[in-house]
Amino acid sequence: MKNHPVRVYRSEEALPRKEQLAYRIAEVAVDPVGVEPQVTEMIINRIIDNAAVAIASLNREPIIAAREQALSHAASKYGTGSGVFGIPERTSPEWAAFANGVAVRELDYHDTFLAADYSHPGDNIPPILAVAQHTGKNGQDLIRGLATGYEIQIDLVRAISLHKHKIDHVAHLGPSAAAGIGTLLSLDAETIFQAVGQALHTTTATRQSRKGQISTWKAYAPAFAGKMAIEAVDRAMRGQTSPEPIYEGEDGVIAWLLDGPEAQYEVLLPEAGEPKRAILDSYTKEHSAEYQAQAWIDLARRLHQQRPELADPENIDSIVLHTSHHTHYVIGSGANDPQKYDPTASRETLDHSIPYIFAVALQDGRWHHVDSYTPQRAQRPDTLALWHKISTAEDSEWTRRYHTTDPTEKAFGGRVEISLRDGSTVTDEIAVADAHPLGARTFSRPDYIDKLRSLAAEAVEPQELERFLIAVERLPELGPGELDQLNIQAKPGYISTVPAAEGTGNAAKGIF
């Protein structure tokens, strides 16, 4: 990996285009280096993973709305259109990417990478796949594009913190998806440079979408970034330019949205000829919840089996989860969000409340993407009593392990201290989720397939699932036009129509 120092430049300072971070990203995208077999295997795993969580979301209201929006836009003139999860209709690629991106993101249930910032690098798949389908690319083209998308997003997440300045993490996704599309289409570095700049410029937004009462926009944010990346590439291909230097400029992203005019970053990117392997450092979710809750769910399941009396709030004085800065302040009591203890809070809010998640997992000994979030489950009196006895505390050692670059030490869990009414204390700890590459039950291809079968059982006919699995496992061999086989069709009649608009009594419809 090559280190690229990044700082802010005054307008009168000369910063050659080829030394700008956006151009460095473009150079990685145009590098014709081959994709290693283990990277190809993981890309296939993540396509299966995305399909699983998207199919499980098909009848949820955000997906219904996004799908209806997409279906209002026919396939555009320079291709054959792109598929939308669950249905045979095709749409323009940017709208297919949008609808599919919402479906993938809705349940908070796909892959993750955490470092200086947060990310779900699987969000690169919907826009890059949509463009590949629309333009008739083959499986190898798609693999190369996805390897770039994962690489760029993960490299940016390692180096540049967005959340520290309350900027949403999708600001790293716009550039990565644009770069991945550039690789897919074999564009030149200048075109990709312009697209990366436009994609970043249009996808910077605040983190309020993940604060307090979290709304349905949480699922839309990465889908919107993917859509913007496609539009940015399209404009760049038509010769349109972007603000520059977009990262380093005096009025650019770093100077005004991130660490300010004195900022200094060190961004590591692959050197020419170096394989793009970053996807291998990411990890998926066994449970439908914020990634920093994954290990805590596994610990709660273990305690449920070993100490069933802990499920009864009458036996508990307090439960303190000692954990990293990120976990404490983002999904813990350190966020100071009363909604994290509100039994009427939205699903999106509850999946960002570790006190709620730990309480339910401790009582149930399991986690379910639907059952664990129902209003009836959240409002159960004994759960409320236990939930409100749970708090988090930052622990400097767990914060250090969260940020370490040593993969054998990196951790996303913590230590629990449970004070019982009889005066005794129960302590236990967990470093990583069971499904993590260093966990007790690391996810492999059969686990990804089982996840798909489980989540798609009600929505998809068995023979359709088998057809999809055969196709995706043949991804390197799929020819031009055959990427349509990566769309899964739902059972006839399974897809819901537009729901009634809450509080209005009218059909939920928009402008187009």
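I began with strand β8 (residues 425-430), where V426, D428 and I430 make up the covered face and T425, T427 and E429 the uncovered one. In a regular strand, side chains alternate between the two faces of the sheet. I took strands (E, at least two residues) and helices (H or I, at least four) as DSSP runs, numbered from the N terminus.

The model is predicted, so I kept its limits in mind: local features need pLDDT of at least 70, side-chain atom pairs count only at pLDDT 80 or more, and totals for chains, interfaces and linings use all residues. Residues are numbered from 1 along each chain as its sequence is written, and side-chain values use heavy atoms, with hydrogens and water left out.

Next I looked up the partner of β8. Strand β7 (residues 414-420) pairs with β8 in the antiparallel sense, over six bridges. Pairing requires at least two DSSP bridges between the strands. I418 has V426 as its bridge partner in β8. Four residues separate β7 and β8 in this hairpin, and G423 in the turn has a positive phi of about 95°.

I then followed I418 to I319. I319 touches I418, and among its other contacts are F358, L362 and V416, leaving out residues up to four places away in sequence. Contact means heavy atoms within 4.5 Å.

I319 also turned up in the largest nonpolar core. This core has 156 residues, and I319 is listed with L142, F358, L452, F468 and L475 as having the most contacts inside it. Helix α2 (residues 37-55) gives the largest share, 11 residues. A nonpolar core is a set of buried Ala, Val, Leu, Ile, Met, Phe, Trp, Tyr and Cys residues joined through side-chain atoms within 4.5 Å. Buried means under 20% relative accessible area, exposed over 50%, partly exposed in between (1.4 Å probe, protein chains only).

Last, I checked salt bridges (a side-chain nitrogen of Lys or Arg within 4 Å of a carboxyl oxygen of Asp or Glu). The structure holds 43. D49 bonds to K451 this way, with the closest N and O atoms 2.9 Å apart. D49 lies in α2 and K451 in helix α18 (residues 445-456), so the pair ties together parts 402 residues apart in sequence. D49 is buried at 0% relative accessibility, and K451 is buried at 7%.

D317 forms a salt bridge with R421, also listed with closest N and O atoms 2.9 Å apart. D317 is in strand β5 (residues 316-323) and R421 in the loop between β7 and β8, 104 residues apart. D317 is partly exposed at 42%, and R421 is partly exposed at 47%.
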